[in-house]
Structure formats: structure tokens, C-alpha cells
Amino acid sequence: MRMPLIAGNWKMNGSLELVEQFGRAFAETGLPPSVEVALIPPAPFLAATQAALAGTPVALGAQTLNPEPSGAHTGEVSAAMLGEFDVRYVLVGHSERRSMYHEDDAAVLARVKAALASGLVPVLCVGETLEQREAGQTEAVVLGQVEAVLDALDGKQRARLVIAYEPVWAIGTGRTATPQQAQEVHAAIRARLGEYDSELAAKLRLLYGGSMKADNAADLLAEPDIDGGLIGGASLKTNEFLAICQSAG
């Protein structure tokens with residue numbers, strides 16, 4: 001019922017050469033038809049990535065957006081600008097944006113609304129720190145971040161989201177939640193979605209975003225409530241990323 005989504009978040013990495021390398025790899029390697037794939041490069045590479053992905057089934061994503069439509073916001077990118085490059089997905093509330101750039105729940109909600117208003121699909125990122133997990137606060141923190149957005153949306157808007165659970169303690173650290181740990185949080189999110197609407201819970205895709213790699217992807221993706229991955233470091237290596245995509249097929 002839920003087509004898996006594998007999305008590669010390059011963060012502040014990559015080059016034009018790497019964009020071209022991925023374009024060739026996608027063109028030469030058949031992707032599973034039952035899996036949706038997206039590439040999320042830094043903003044300066046959007047035009048080159050759009051061109052490199054032409055003729056492939058891979059969607060283009062962006063790493064963030066400003067909630068304002070235009071104006072004196074030096075260095076920022078609007079939803080309409082992303083639309084010029086046929087961007088489909090945009091990350092919102094990534095833990096690095098929350099911690100390093102002080103995006104609180106209100107800022108995350110504003111970005112979700114701006115994305116939805118422009119026809120983009122927000123990938124809402126939620127997750128707990130190591131301290132919060134060790135204090136037994138995982139579910140309260142994660143569901144609080146989910147509710148801060150969903151409570152302010154109507155049913156049609158909620159249905160257009162993707163949610164990515166990214167335990168902050170497993171991002172870029174090499175540590176990964178076990179499939180059971182990840183499934184527990186995904187199941188809690190889906191149960192909370194069911195309190196809004198049973199159809200929403202059945203259809204909305206939940207991604208795991210904490211150091212998913214080729215050697216652990218299959219086990220994570222086998223869990224019933226994990227519908228794909230938000231891939232960080234492994235998305236910078238064509239063979240590794242393609243292997244994860246194959247695992248989801």
C-alpha cells in the first residue's frame with residue numbers, strides 16, 4: 001500500500017562532478033519500479049541535478065526553504081524558487097536545522113505550510129537526542145514534534161506529508177538504532193496518526209533517517225512501519241546508495 005521512498009540527503013557535501021556521476025549511475029542502473037527514489041543536493045546544485053536526473057524516475061528534493069515568498073532574506077531560498085527546478089520534496093525540521101539554526105516548532109510549521117502552499121511535499125523530520133532517549137523521553141519528544149505540525153493542518157494537508165524519524169544520536173555518528181528500536185518509534189508515530197485519521201495512518205509514509213547503510217538497510221526496511229530511508233553519508237556513494245534502493249525493492 002505504501003511505496004517505499006529512499007531519499008539521499010547530501011547535506012553540505014558534493015560537487016558538480018558527483019552530480020554527473022549520479023546522473024550516469026541512475027541512467028545505467030535500473031531502479032526497482034516499486035521504489036521511489038529522491039536526491040536532495042545542496043541548493044547550488046539544483047539546476048545541475050535537475051538536468052542530470054532528466055529521463056530517470058528519480059525525484060529532486062531540497063534541504064530547506066524559507067517560509068516567506070520573497071524579500072530581504074539574504075542567502076535564503078523560497079518555495080517558489082524550488083519549484084522552478086521541479087523540486088518535489090523538501091526537508092523541514094531536520095535536526096541540524098533545529099539545533100544549529102534554532103528552528104523551533106513554530107518555524108518548522110511555517111516552513112511546512114509554505115511548502116504545501118507551493119505544491120511541494122514536506123519531509124517532516126523528527127527525533128530525540130541521546131540525553132532525551134536515556135531519560136525515557138523519546139516518545140514524548142518525537143510525538144510532540146509531530147503534533148506541533150499536524151495539529152495545525154487540515155486532513156488534506158496532513159495526507160501530503162512524509163515523516164522521517166531521525167534519532168539525533170544516530171546521525172553521522174555511525175551508531176544506528178536497531179531495527180526494533182526504530183520500529184518502536186515508527187509504530188508510535190503511526191498510532192498517533194491513527195488518532196487523527198485511520199486512513200492517514202494507513203497511507204502516510206514514515207522514513208528512518210539514522211545512519212542507514214547498504215549493510216543494514218534490508219533489516220530496517222523489513223520492519224512493518226518503516227517505509228523507506230532518509231540517507232545521509234551513504235547517499236554520497238553511488239554504489240552504496242543504489243544498493244539501499246535495491247534493498248527497498
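Trainee: Which residues lie nearest the centre of the largest pocket?
Mentor: Lys11, Met12, Gln63, Thr64 and Arg97, out of 25 lining residues. Keep in mind that this is a predicted model: local features need pLDDT of at least 70, side-chain atom pairs count only at pLDDT 80 or more, and totals for chains, interfaces and linings use all residues. Residues are numbered from 1 along each chain as its sequence is written, and side-chain values use heavy atoms, without hydrogens and water.

Trainee: What counts as a pocket, and what as lining?
Mentor: On a 1 Å grid over the protein atoms alone, a pocket is an open set of points where a 1.4 Å probe fits, with protein on both sides within 12 Å along at least five of seven lines; lining residues have an atom within 4 Å of a point.

Trainee: How much space lies in the largest pocket?
Mentor: About 600 Å³. That volume is the space filled by probe spheres set on the points, which are joined across faces, edges and corners.

Trainee: Which helix gives the largest share of its lining?
Mentor: α4, residues 95-100, with three residues. Helices here are DSSP runs of H or I, at least four residues, numbered from the N terminus.

Trainee: And the lining by class?
Mentor: 13 nonpolar, six polar and six charged. Nonpolar is Ala, Val, Leu, Ile, Met, Phe, Trp, Tyr, Cys and Pro; charged is Asp, Glu, Lys and Arg; the others, Gly among them, are polar.

Trainee: How much space is in the second largest pocket?
Mentor: About 310 Å³. It has 20 lining residues, with Gly172, Ser211, Gly232, Gly233 and Ala234 closest to the centre. The lining splits into five nonpolar, ten polar and five charged.

Trainee: Now helices. At what angle do α11 and α12 pack?
Mentor: About 20 degrees, with axes 9 Å apart, for α11 (residues 214-221) and α12 (residues 238-247). Axes are lines fitted to C-alpha atoms over the stretch in contact, and angles run from 0 to 180 degrees between N-to-C directions. So α11 is roughly parallel to α12; the cut-off for that is under 35 degrees.

Trainee: Which residues make the contact?
Mentor: Ala214, Ala217, Ala218 and Leu221 from α11, against Glu240, Ala243, Ile244 and Ser247 from α12. Contact means heavy atoms within 4.5 Å. By class, that is six nonpolar, one polar and one charged.

Trainee: What about α5 and α7, how do they cross?
Mentor: At roughly 50 degrees, with the axes of α5 (residues 105-117) and α7 (residues 138-150) coming within 9 Å. Asp105, Val108, Leu109 and Val112 in α5 meet Gln145, Ala148 and Val149 in α7. Five of those residues are nonpolar, one is polar and one is charged.

Note on methods. Helix = DSSP H or I, 4+ residues; strand = E, 2+ residues; numbered from the N terminus. Parallel < 35°, antiparallel > 145°, perpendicular 65-115°, else oblique.
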